[in-house]
Amino acid sequence: MSEMQQAVLGLFTGERILALVRAALILGIGLVIARIASGAVVRVVQRYADAQQNMVLRRAVYYVIAALAAFSALNELGFQLGVLLGAAGILTVAIGFASQTSASNVISGLFLLGERPFVVGDVIKIGNTTGEVLSVDLLSVKLRTFDNLYVRIPNETVVKSELANLSHFPIRRLDLELKLSGDEEVADVRGLLREIAEAEPHCLAEPTPAFTLLGLAEASMHVQFSVWVRREHYPEVKNALYQSIKRAFDAKGIRLL
Amino acid sequence: MSITSPSWWGTFEFVQGEARRWSIGPLRMTLQRCTNEWRVCHERVGRSDHAFEVGASAPAVGSGENVARFLTRELANTVRVLPALADRAVIVRPDTALYILPRQELTLYLASPLWLCLELGVPASTVWDHPIELPSEIWFGRATREGELGYASRSHASAALHDVVPLPHRATTPVLLRNRSSALLTIDRINLPVAVLSLYAAPGGQLWTQGVTMELQEDQRTVALHLDRHAPASVPGLEWLRGPRAGAESNLLVRAWDALISTVRSEVI
């Protein structure tokens, strides 16, 4: 038997095999405990915390216990943790330089969790993307758009961009812009629009609908009719009002340009 | 609960297959007892404020958008038809703005819309709960960021009991407004917390709630809201009909004055 073969066989002594088995058991049991503990903690606090806080707490508890189990397993195998930590420190610096973007995303994610411009379940608009927030993760925010696409936006982008939270306040103003022939009587148009708003059950009576003349041109006028609605009724009311306006204007002979 | 008449509420017995109709204000509701189910159909028609029809014979309920079917194995053929107050605050807007002089008080009688509820089964559970007249929703608060959603209601806001015009689909609440401050109190809308009020029936079939006192404090910023514990003494013969939808934490609540009496200006930019 060559020296190499003897050296390799020497690694698999009974004692080392036992240590390997113990380490595997510690890691396995640790992961199971991590899963059970994270679920239990979330069940206890879920009535006091929202969906996002529950998710962060579950992951924090899981990874802390899993890390402790991993360190214990490594210790069982005879690794010197002090040396490991030292090596990890050097490795972190090297990895940090190589992954600045990822580090920036992580830091941005922490800022998002602290500032809370939105929470899981809110509908937000970033750039041209509008969707429901599914999760706020370490590196990115996940959205589900209304046409059911899964969109991943890096946290750094979210922090640097202008963001609109469409779910923050309970009511929203719906602006309807209409371009009409300059021959129409403003008072008649205003009266008709107010009647249409009153007939729409989801238009709030107050704040009262507002009629604004945005501009006049030689043969046209540009008006804005604003109504307030509950945020969940926004798309439905927008659709319904445009249809009602079209019907009413056609019946009265008012021309839209 | 004893049933007062004339009234549109009470316990009604049906035979298998029978359909009966209630017409109250703009609401027409038809109820039919079928095998293992109850069918309810409703529609809103032109307003008829005073007249109402109770349990008249009606054609069978078909199918459609406004039809609800409640399936049950129970053999009981009775249903309870009950009035209920709104499930949210009602923002009452007097027809004209009101002013209460400093250190003065006045009782106004404000009307709020009613809901029609159906209770089935043993123990009775509410299976149908609809407004008789479809109220407009309204935002009430200092700004569009803070406030609450309620229902809008117009009222004559009678200052004398004999001026109150009772309607079968509205309940009347006596509201004592007390101005303890040294400034003129302007009122163009009042937030009436009807969800925490009880309902009482008068012998003539009119519906009332207990009284509410709103007292503007000297700082002109807070209002003490006090709910009476019993039916209004000024209306004789009232019988308790049903309790509040939601429980009030106490009979005395202190709110900011603009949470009870306010106006929101719409910004247009």
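The model is predicted. Chain B has 22 strands and zero helices.

**Chain B overall**

- Of the 269 residues in chain B, 50% are buried.
- Among contacts in chain B with a separation of 6 or more, 74% are between residues 24 or more positions apart.
- Chain B has an accessible surface of about 12,700 Å², and carbon and sulfur atoms account for 50% of that surface.

**The five-stranded sheet of chain B**

- An open sheet in chain B is formed by five strands with antiparallel pairing, in the order E5-E2-E3-E4-E6.
- The edges of this sheet are strand E5 (52-57) and strand E6 (67-71) of chain B; each has a single partner strand, so one side of each is left without a neighbour in the sheet.
- On average, neighbouring strands of this sheet are turned by 15° against each other, direction ignored.
- Within the sheet, strand E3 (residues 27-34) of chain B pairs with strand E4 (residues 37-44) of chain B through eight bridges, in the antiparallel sense.
- Opposite Arg28(B) stands Glu43(B), which lies in E4(B).

**The five-stranded sheet of chain A**

- Chain A also has an open sheet of five strands, in the order E4-E3-E2-E1-E5, and its pairing is antiparallel.
- Here the edge positions belong to strand E4 (150-154) and strand E5 (163-165) of chain A; each has a single partner strand, so one side of each lacks a neighbour in the sheet.
- From one strand to the next, the twist in this sheet averages 40°.
- Strand E2 (residues 129-136) and strand E3 (residues 140-145) of chain A run antiparallel and are joined by five bridges.
- Val133(A) faces Leu143(A) of E3(A) as its opposite residue.

**Strand E10 of chain B and its partners**

- Strand E10 (residues 105-120) of chain B is mostly covered, with 13 of its 16 residues buried.
- Strand E7 (residues 78-85) of chain B runs antiparallel to E10(B), and six bridges join the two.
- In this pairing, Pro83(B) is opposite Leu116(B) in E10(B).
- Strand E14 (residues 170-179) of chain B also pairs with E10(B), in the antiparallel sense and over nine bridges.
- Glu105(B) has Arg178(B) in E14(B) as its bridge partner.
- A further antiparallel pairing links E10(B) to strand E11 (residues 125-131) of chain B over six bridges.
- Leu120(B) and Ser125(B) stand opposite each other, the latter in E11(B).
- E10(B) and E11(B) form a hairpin with four residues between the strands, and Gly121(B) in this hairpin takes a positive phi near 85°.

**The interface between chains B and A**

- At the interface, 17 residues of chain B are in contact with 18 residues of chain A.
- The size of an interface is often given as the accessible area lost when the parts come together.
- Between chain B and chain A, the buried area is about 1,500 Å², and carbon and sulfur atoms give 57% of it.
- Three salt bridges are counted between chain B and chain A.
- The side chains of Arg93(B) and Glu206(A) form a salt bridge, with an N to O distance of 3.2 Å.

Definitions and conventions: Residues numbered from 1 in each chain as written. Chains lettered and ligands numbered in written order. Predicted model: local features only at pLDDT ≥ 70, side-chain atom pairs only at ≥ 80, totals over all residues. Heavy atoms only, no water. Buried < 20%, exposed > 50% of the residue type's maximum accessible area, 1.4 Å probe, protein only. Contact = heavy atoms within 4.5 Å. Areas by Shrake-Rupley, 256 points an atom, 1.4 Å probe, with all protein chains shown as cover. Pairing = 2+ DSSP bridges. Axes fitted to C-alpha atoms, helices over the stretch in contact; angles between N-to-C directions. Buried area = accessible area lost by both parts, 1.4 Å probe. Salt bridge = Lys/Arg side-chain N within 4 Å of Asp/Glu carboxyl O.
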